[in-house]
Each structure stands twice: as C-alpha cells, then as structure tokens.
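Hi,

Here is the structure I promised to send over. Have a look at it first, and my notes on how its parts meet follow below.

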Amino acid sequence: MLRLGWVDYLNCLPIYYPLERGEIKPPFMLELVKGVPTELNRLYLAGELQATPLSSIEYARHPEVSYILPGPVIAADGRVGSILLFSRLPVTELEGAKVALTSASATSVALLKILLAFYYHVEPEYLVCPPVLEDMLQAAEAALLIGDDALRAHEEVKRKGEKLYVLDLGEAWKEFTGEKMVFALFTVRADFAEENPEKATGLARLLSEAKEWGLGHLEEVKEAAQESSGLSPEVIEDYFTLLRYEWDEACRRSLLLFYDYAYKLGLVEERVKSLCVWGEGFGTP
C-alpha cells in the first residue's frame, strides 16, 4: 500500500479528480490521504505518507528525505489568486506591525517573510492563527491566507466592499524576481523509492497521467470545483487560468532562487544548490 497525500484545496483538483473518480487507475494499491499542507508535511516527514505534494520550503529544510517526482507541480507565473495578504495598511507601512500567518501554510509563510524583508524592506511582528480572516484581523494589522480560504475570503471582502489592501504573493514574487513561483512539489520519500524503485517510477507516471487527464477535462474539473467550494463560476474560471502544473527548467531556477533567499533569511539551515529529481540519475521513470 502506498499512502499519497492530497492537499485538500482546489489547486490540486485537476490531479486528484481523475484518481478519485477512477479515470486513471494506479498500478498498485493506493490510499489518498487528505489534509492541509502543514498537516501533510508532518505526516510525510514522520514517514506516515510515502509521497505527497510537499510544501516547497520543506524540501529545502529536509532535502535528504525526498526525491522530486518529475511531472506535476503546483505553481503560478505571476498572480496566483489564492496566496493573499489582507492588510489594513499598505504593505510598505507594515514595519513593526503585527502580521497573522495562517497555520495551514509553510511555503507561503516563507515567501511572505522573504518578500517583506527583501522586496518591501519591512520587518513586522509575526503570529500564527487559525485561517479565519475576521479573527486574524482582530489580532493583527494584516493576515496571510492560502488556498480555498484565501479565495473565499477575497470573494467576501469584495462582496462587502471592505477597505483592505490585498497583496497577491505570486504576483509580488514575479515583480521582485521575474520568475514563476513553485508552491508545492510532488515528492516521494527516498527510503521508499530506493526500496521500491518500480513503484516510485509508477507513481511518477501515474501523477503525470492524472495531470494530463485533468487538464484535458478542465471544464469537468471546474464544475466539480464550483460544486465543492461554493465559489462563483467567475472566481473558478479565473483561478484555473492562473495555475501552472508543468515541471520545467523555470521551476528549477525559481526554486533555487527561492531557497537562496530562504537561506539568507535563516528560514533553512543550509543552502540548497541542486535538486534531486527521480529519474535524473535516480530510478528510471
């Protein structure tokens, strides 16, 4: 049995919808385990999952644990729509202010800290909160939300006409670096892959096939996304135009740049100079 994490957000739906529906069938016993990114990161690093969409910052913190599976990633090339900082103040005025961080995120928390330090040159005070915008903004001047929480909160803020500044972190990273942003990598534990190379190779193929099916049936996926989330058709349509799922050289370049800034800020202990990708000298996908 291979236990595969499933980030329970809409951005993963094109990959997991065909797996859940049986449109793409795995060549081995597969259990899908749903959770938010931080929960799945914990289970994976504890060895309770063999593979998962790992928050990209966690790969840099534990590079010896994983191989990156070539195939899908969760990324954006500019605006992402679901990684948002809601603020009562302009972002350049957050020096010394309290910023509430969602407890569900790892990569986006690191990205926000990097952007505020190196792009906007402010140093706020951070606190971690459950992902409820109203409560977060009672405790702080700004609040970071991700995933479906961010999409719903933004829709509600616009509906109510609330006077908040909304910063899209994917867009800010693009403005800062000119690069796309990779939020999650599909990874397999190195100990599992080295003992079960055929399964690791099969999983890489399975995820690639699922991604291709999902993107090839995107209208069906979007209908399922709207039904499960309750978001408006306009929000769903816009969101799926922003997401990028292809692993490519731009992803490698962006990750190494992101990791370099993370190292400079003390968010990772060692600088990541290369990426271990299954099939590039490891395994034979």
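The centres of domain 1 and domain 2 are 24 Å apart, taken over C-alpha atoms. Keep in mind that this is a predicted model. The domain assignment puts residues 83-177 in domain 2, while domain 1 is made of two stretches, 2-75 and 181-265. Where they touch, domain 1 brings 26 residues to the contact and domain 2 brings 24.

Now for the area. The size of an interface is often given as the accessible area lost when the parts come together. Here the two domains bury about 2000 Å² between them, and 74% of that is on carbon and sulfur atoms. On the domain 1 side, the residues that lose the most area to domain 2 are Tyr-9, Phe-183 and Tyr-261, which together make up 28% of what that side buries.

What about polar links? There are zero salt bridges between domain 1 and domain 2, but eight residue pairs are in polar contact across the interface, with both partners at pLDDT 80 or more.

If you want to find the domain 1 side on screen, look for the elements that each give two or more residues to it: helices H2 (37-45), H3 (56-61), H11 (233-242) and H12 (249-264), plus strand E10 (181-189). H12 gives the most, with six residues. Sorted by class, the domain 1 side that touches domain 2 has 16 nonpolar residues, seven polar ones and three charged ones.

Cheers

Note on methods: Residues numbered from 1 in each chain as written. Predicted model: local features only at pLDDT ≥ 70, side-chain atom pairs only at ≥ 80, totals over all residues. Heavy atoms only, no water. Domains from an automatic or database assignment. Contact = heavy atoms within 4.5 Å. Buried area = accessible area lost by both parts, 1.4 Å probe. Salt bridge = Lys/Arg side-chain N within 4 Å of Asp/Glu carboxyl O. Polar contact = N/O pair within 3.5 Å; in protein donor to acceptor, adjacent residues only side chain to side chain. Helix = DSSP H or I, 4+ residues; strand = E, 2+ residues; numbered from the N terminus. Nonpolar A, V, L, I, M, F, W, Y, C, P; charged D, E, K, R; others polar.
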